Amino acid sequence: MFWLHHGDYAASKPSPDPFLTAAKRLSVEPALCLALEDSFNGVRSASAAGMMTFMVPDLLSPTPEIHSLCTGVVSDLHAVCKLILTASAAGTIE
């Protein structure tokens, strides 16, 4: 695991730069990355980077615009784990 700091990328969220920088450092194509976000600008950023984006709402419920940018909206991180385990068991992810 690593941390990105402001200044490690050109522009902040909602620009895709933070997520593109993370994918590059991991040597993984953005389309193969799963982004978990709780903010609207985070969803916009991850989606613009081309990542599979799930919103885990915290303070704000997703708007129609945010829904359209997400692969899905889940209630909590336990739901994310269930999705990953289900996809893994079905052979849709390695």
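## The Glu 65–Arg 44 salt bridge

Glu 65 and Arg 44 join their side chains in a salt bridge at 2.8 Å, N to O (a side-chain nitrogen of Lys or Arg within 4 Å of a carboxyl oxygen of Asp or Glu). This pair ties together distant parts of the chain, with Glu 65 in helix 3 (residues 64-69) and Arg 44 in helix 2 (residues 40-48), 21 residues apart. Helices here are DSSP runs of H or I with at least four residues, strands are E runs of at least two, and both are numbered from the N terminus.

Glu 65 is partly exposed at 37% relative accessible area, and Arg 44 is partly exposed too, at 27%. Buried means under 20%, exposed over 50%, and partly exposed in between (1.4 Å probe, protein chains only).

This is a predicted model, where local features need pLDDT of at least 70, side-chain atom pairs count only at pLDDT 80 or more, and totals for chains, interfaces and linings use all residues. Residues are numbered from 1 along each chain as its sequence is written, and side-chain values use heavy atoms, leaving out hydrogens and water.

## The Glu 37–Lys 13 salt bridge

The count comes to 2 salt bridges. Glu 37 and Lys 13 also meet through their side chains, at 2.7 Å, N to O. Here Glu 37 sits in strand 1 and Lys 13 in the segment before helix 1 (17-26), 24 residues apart. Glu 37 is buried at 9% relative accessibility, whereas Lys 13 is partly exposed at 38%.
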